[in-house]
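Hi everyone, thanks for coming.

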Amino acid sequence: MRAELLACGLALSAAVAFGCSDRSPQVGTGEPFRVRYPDPIGKGLLDGQFVQGPLPGTPPLAEDAGEAAPPSPEGGAAAGASGPPELTPIELSGNVYFQGQGNRVVRGLASLGTYSVGLRFEDLGDGYWVIPVGAIDTANSTPLYTWEAHCDFASTIPAGYHELRAVGFDEHGVAGVQQKKDICIGSLVPDNFNSCEGSIAPPQAVISLTWDTNADVDLQVLEPGGRLVEPKDPTTVEPDGGPLPRDVDGIDRDSNAGCAIDGIRTENLVWHKVMPHGRYGIYVNLFDACKQPAVRFEVEVYTSVTGADGGRHLHRYYSQVGELLDISANGGSGRGLFVTEFIFK
Amino acid sequence: MLATAGYTLTPGVSAEPVSKDFVFSGYLQSQYELHQDSTDQLRQGGVILNQNRFVLRRGRFKIARDWDWAQVLLEIDGNTVRGPAMRIQKAEASLVYGRSKDRDQPPLAQLTLGQFDLPFGFEVPYVPKVRWFMERTQGSRALYPGEPDVGLRFSGGLGFARYAVAVTNGEPLDEKSGYPLQDPNATKDVTFRLGAETKASRWFAVAGGVSYNRGKGFSPGPDATKSSIGFKDSNDNGLVDPATDLTGNTAQAAQPSRNFERWAVGGDVELLLRTDLGWSMLYAEVVAASNLDRGLVIADPILGQSDVRELAYYVAFTQEITRYGVVGFRYDVYDPNSDVLDGRRGKLLPFSQKITTLSPLAGLVLPGRARLLVEYDVIHDALARTRVGVPTDFHNNQWTLRLQVNL
C-alpha cells in the first residue's frame, strides 16, 4: 500500500511539474526576439529552433574590435569540413530597427565546418535560436556557407542598443567563436533615435496612443485654439495647399486605417522643434472595431527634459489606460472618448 | 457474450436486436490534459497554444428505434475541444434484413443511408465509449480525422464472415482540407472491410479483416485577384522609395481546381481472451496509404508535385484487473510521408518524419457505469532540431485524466 501511494505521489508530482510550467524549453513563442529562416525546399519561412540557456561558444575575441577574424583558407576553416565553425561578421539589412518590427533580415557566411548558427541578444530573452546553414555562397572566392535569419522584435524590447551574438556549431554541436553586433532598437515613441544616440535631440513633446487589438483607433487632440488634430487632419498647422516640411508637427500615422491592418497600433502626435503651450484635450476615438469586441488603450505624454548626463531625453509625464467597446465605433462621425486635459507649460 | 462484455470486435456492422421502444443512451467524457509543449501564447492567427486545460471531450446522446425491417439512429455530440460545439455525430436510416437474436451476430444485410462511421479497419468505427485508450492512434486520426462521413453503406454478417461496403462523399468530419462532410468533386469514395469473427469458446474470440479505401481528393485552385500595388521595404529604411520598394501586381486569373487519386489498404486482427483476472484484448492494425492524410500533414500531390506515401501501424493490449480496474499499453507509429527530404547545408537529405507514440494506461471501473482513466503518451517525432540543425524529438508528451460516465 505504501509503495502504491509512493508511485501515485511520484506520478502526480511529475504531472504537476510539467503542467505548472507556462512554457516549454523548446518553444520560443514568448521570447522578445524570434527567428525564422528560409525553407530550403519551399518558398516560405521555417521557425528556428529555440533552445533555453546562454549562447554556447567563446565570447568575441577582441572586446574593442567587436568581431572575430573572418574565416579564411589560410586559417584552415575553409579548406575542409573538419575545421572549427567560424562566422564572418554579422550583416544587417538597413540600420533602422524598431520595437515590434518583424521579418528583419540578419545574415552572414560560415566556414565549411559549420552546420548551424545560434543567435541571441546578450541581454534579452531566456535562450538562443538555432538555424541550419544554407547553400554554399558561389559568389565568394572562398567557399563558405550562407546563413540567413528573419528576425522578429517584440514591442517590449527596451529602446536602445542591444548586443546581438551569433555562433557557429560544428557537426558535433560544438560552438566556435561568437560574433557580435550592436543593434539599435528604436522606440515606437518617436525620439529621433535618442535612446541609442544621446547626442541627438529628441522631439520637444509627444502624445502617444497605443492599443492592443487590431482595431482602427484614432488619437484626437484638441488644441488650445480649438483645432482638432487627428489622423484625418494630422498637422498642428492649417494646411494651405502648399508642400509641408518633412518635420511638420503632427500625427505620424493612421494605424489600421479603414481596418487595413498594419499591426503597429500606435499613433503619436509629435512636436519636433517647439514645445507646445497651453491646455490640450486628449481623446481616443474608435473609428472601426474591425470585428474586435473591445480594445484596450494607453495614452502617454512625453516631454523633452535634461537628463543626469546633461543630454536631452524624453520623459514620460503622464499615462492613462482605458477601454472601448465595439459599440463605441462611430466611423469618425464625432469626437471620441475624452481621456484627459494636459497642460503644457 | 462480446456485446455484453463491451467488446464489439466488428464495429459498425452489429445491429441491436429489435426493441419496441425508443432506446436512449449516451455518455460523457470529461478530462484534464497536460501537454509538455504547452505555452501561454497564441499561434499566428489566434490559435491557443496552451493545452493544459479541462476539456469536455465527448458528450454524446443517442436515440435509436428498431422495427422488424428498419432502424433509425441519431447521435448528437457536444464538446469543447475547439470551443463549445454541438453537432450531429451519426444519423443513420437503415433497412435491415435477417436479424439475429444473438447480439454478437449482425443482420444478414443492412442498407444504411446517412452519416455513419467509415467501415475502414478496426479503430475507425470502434466506438469511443468502449475504447479504453483516450483517442485513436496518430495515424488513424491523420488519415481519418473524424469517424463519420455521409453516404450509403451496405453491411452485415453471415456465420463468421463480416462485410461492410460504403460509398461516401470522402470528406469525413473534422478533416482539415476544407470541406468536412461536403464533397467538392463528383467522384465518391469507396470503402470496404471484409472480415471474420469467431468465438472459439466462451473465453476466447478472434477477429480480423482487410480494408480498402479509394477515392479522389481535391486540390482547390486559387481565386482570381485584382491588380494591386505592392510595397516591400527593400532597404529596410521604413520609407517608401518608389524606384525600389513599389511593385505593380497585375490581376491574376483564377486557376482551375484539380482532383487527385488517393487510397488506403489495411489489415487488422483482434484477439480476446477471458481469464480469472478479466478480459484481455490484443489487437493490431497496419495501413498503407497514398495522398490520404487529411488531419496532420495534409497531403496534396498537386501542390507537392509528387504522390505522398503514408504508413501507419500499431499494437495495443488491454487487461481488465477484475471488473474494477484496467491497464493497457499501445505502441503506434505513423509516417506521414515516406519520401520526405530535409534541406541542410545546401543539400536535400532523406529523413524520417515518423511519429512513434507509447501509451501506457491505467484506470478504475464501475462496471457498465463509469471509468476513471489516466494515460501518458510518450511521443517521439522529428519536429525539433538539434544544435547541429538535424531534426530531433520535440518534447510534446502528454498526460490525460478522464472521467467517463454512461447515461
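Predicted model: local features only at pLDDT ≥ 70, side-chain atom pairs only at ≥ 80, totals over all residues.

Okay, let's start with the contact. Chain B brings 34 residues to it, and chain A brings 41.

How much area is buried between chain B and chain A? It's about 2800 Å², and carbon and sulfur atoms give 56% of that. If you're wondering about that number, the size of an interface is often given as the accessible area lost when the parts come together.

Now, what holds our attention across that interface? For polar contacts, the count between chain B and chain A is 12 residue pairs, with both residues at pLDDT 80 or more. And how many salt bridges does the rule find between these chains? The answer is 0.

Let's look at the side of chain B that touches chain A. Four strands of chain B each supply at least two residues there: β1 (23-35), β16 (341-344), β20 (384-385) and β22 (398-406). The largest share is from β16(B), with 4 residues. Sorted by class, that side of chain B has 14 polar, 11 nonpolar and 9 charged residues.

Okay, on to the patch. Chain B has a nonpolar surface patch of about 630 Å², and among the residues that make it are B:L95, B:F154 and B:V190. To pick one out, B:L111 is part of the patch, and you'll find it in strand β5 of chain B.

That's it from me, thanks!

Definitions and conventions. Residues numbered from 1 in each chain as written. Chains lettered and ligands numbered in written order. Heavy atoms only, no water. Contact = heavy atoms within 4.5 Å. Buried area = accessible area lost by both parts, 1.4 Å probe. Salt bridge = Lys/Arg side-chain N within 4 Å of Asp/Glu carboxyl O. Polar contact = N/O pair within 3.5 Å; in protein donor to acceptor, adjacent residues only side chain to side chain. Nonpolar A, V, L, I, M, F, W, Y, C, P; charged D, E, K, R; others polar. Patch = residues over 30% accessible without salt bridge, like charges linked within 9 Å, V, L, I, M, F, W, Y side chains within 5 Å. Areas by Shrake-Rupley, 256 points an atom, 1.4 Å probe, with all protein chains shown as cover.
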